[in-house]
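Me: I would like to go through this structure slowly, asking at each step what stands behind the words that are used. Please set each value beside its definition before you conclude.

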Amino acid sequence: MPKTVVREGETLDEVLRRFKRSVNKSGVLYDVRRHEAFYPKSLRRKMKSEEARRRRY
(Lines give C-alpha, C1' and ligand atoms only; values in the text may rest on other atoms or scores of the structure.)
Protein backbone atom coordinates (compact mmCIF):
# COMPACT_ATOMS: atom_id res chain seq x y z
CA MET A 1 0.00 0.00 0.00
CA PRO A 2 1.45 3.37 -0.98
CA LYS A 3 2.15 5.87 1.75
CA THR A 4 2.15 9.64 1.47
CA VAL A 5 3.95 11.84 3.97
CA VAL A 6 2.37 15.24 4.54
CA ARG A 7 4.92 17.96 3.91
CA GLU A 8 4.98 21.14 5.92
CA GLY A 9 2.70 23.82 4.50
CA GLU A 10 1.01 21.40 2.09
CA THR A 11 -2.75 21.52 1.68
CA LEU A 12 -4.96 18.47 2.04
CA ASP A 13 -5.89 18.65 -1.65
CA GLU A 14 -2.23 18.43 -2.69
CA VAL A 15 -1.62 15.47 -0.39
CA LEU A 16 -4.71 13.69 -1.68
CA ARG A 17 -3.66 14.30 -5.29
CA ARG A 18 -0.19 12.84 -4.61
CA PHE A 19 -1.71 9.85 -2.82
CA LYS A 20 -4.12 9.12 -5.69
CA ARG A 21 -1.26 9.33 -8.18
CA SER A 22 0.87 6.92 -6.16
CA VAL A 23 -2.05 4.47 -5.84
CA ASN A 24 -2.60 4.57 -9.60
CA LYS A 25 1.10 4.03 -10.33
CA SER A 26 1.35 1.09 -7.96
CA GLY A 27 -1.61 -0.70 -9.56
CA VAL A 28 -3.44 -1.40 -6.31
CA LEU A 29 -6.88 -0.53 -7.68
CA TYR A 30 -6.29 -2.59 -10.82
CA ASP A 31 -5.40 -5.58 -8.68
CA VAL A 32 -8.45 -5.13 -6.43
CA ARG A 33 -10.81 -4.90 -9.39
CA ARG A 34 -9.19 -7.94 -10.96
CA HIS A 35 -9.84 -10.01 -7.82
CA GLU A 36 -13.40 -8.75 -7.30
CA ALA A 37 -15.04 -11.60 -9.18
CA PHE A 38 -14.16 -15.03 -10.47
CA TYR A 39 -13.54 -15.28 -14.20
CA PRO A 40 -13.11 -18.58 -16.01
CA LYS A 41 -9.76 -19.17 -17.66
CA SER A 42 -11.16 -18.73 -21.17
CA LEU A 43 -12.64 -15.34 -20.29
CA ARG A 44 -9.42 -14.20 -18.60
CA ARG A 45 -7.46 -15.16 -21.72
CA LYS A 46 -9.89 -13.21 -23.90
CA MET A 47 -9.72 -10.14 -21.64
CA LYS A 48 -5.93 -10.27 -21.61
CA SER A 49 -5.70 -10.34 -25.38
CA GLU A 50 -8.20 -7.49 -25.71
CA GLU A 51 -6.23 -5.41 -23.24
CA ALA A 52 -3.01 -6.06 -25.16
CA ARG A 53 -4.74 -5.08 -28.40
CA ARG A 54 -5.94 -1.80 -26.83
CA ARG A 55 -2.44 -1.02 -25.56
CA ARG A 56 -0.97 -1.71 -29.00
CA TYR A 57 -3.04 1.04 -30.67
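Predicted model: local features only at pLDDT ≥ 70, side-chain atom pairs only at ≥ 80, totals over all residues.

Me: What does Val6 touch, not counting residues up to four places away in sequence?

Reply: Val6 touches Val15 and Arg18, where contact means heavy atoms within 4.5 Å. Val6 belongs to the segment before H1, helices being DSSP runs of H or I with at least four residues (strands are runs of E with at least two), numbered from the N terminus.

Me: Why is Glu10 called buried?

Reply: The relative accessible area of Glu10 is 17%, which is under 20%, and therefore Glu10 counts as buried. Glu10, too, is placed in the segment before H1, and its contacts beyond four places in sequence are Val5, Val15 and Arg18.

Me: What makes the pairing of the side chains of Glu10 and Arg18 a polar contact?

Reply: A polar contact is a pair of N or O atoms within 3.5 Å; within protein, one must be able to donate a hydrogen and the other to accept it, and residues adjacent in sequence count only if both atoms are side-chain atoms. The side chains of Glu10 and Arg18 are joined at 2.9 Å. The Glu10 side chain also reaches the backbone nitrogen of Arg7, at 3.1 Å.

Me: Why are Ser22 and Val28 called partly exposed?

Reply: Ser22 has a relative accessible area of 23% and Val28 has 27%, so each value falls between the two cut-offs and the term is partly exposed. Ser22 lies in helix H1 and touches Pro2 and Thr4, if residues up to four places away in sequence are not counted. Val28 is found in helix H2 and, with neighbours within four places left aside, is in contact with Pro2 and Val23. Although Val28 and Met1 are 27 residues apart in sequence, their C-alpha atoms are 7.3 Å apart in space.

Me: Which residues lie nearest the centre of the largest pocket?

Reply: They are Tyr30, Arg34, Tyr39, Arg44 and Met47, among 13 lining residues. On a 1 Å grid over the protein atoms alone, a pocket is an open set of points where a 1.4 Å probe fits, with protein on both sides within 12 Å along at least five of seven lines, and lining residues have an atom within 4 Å of a point. H3 provides the largest share of this lining, 6 residues.

Me: How do you know how far the predictor trusts the model, and where is confidence lowest?

Reply: The protein chain averages a pLDDT of 91, and 100% of the residues score at least 70, pLDDT being the predictor's confidence in each residue, from 0 to 100. Confidence is lowest in H2, at a mean of 86, and highest in helix H1, at 93.

Notes. Residues numbered from 1 in each chain as written. Heavy atoms only, no water. Buried < 20%, exposed > 50% of the residue type's maximum accessible area, 1.4 Å probe, protein only.
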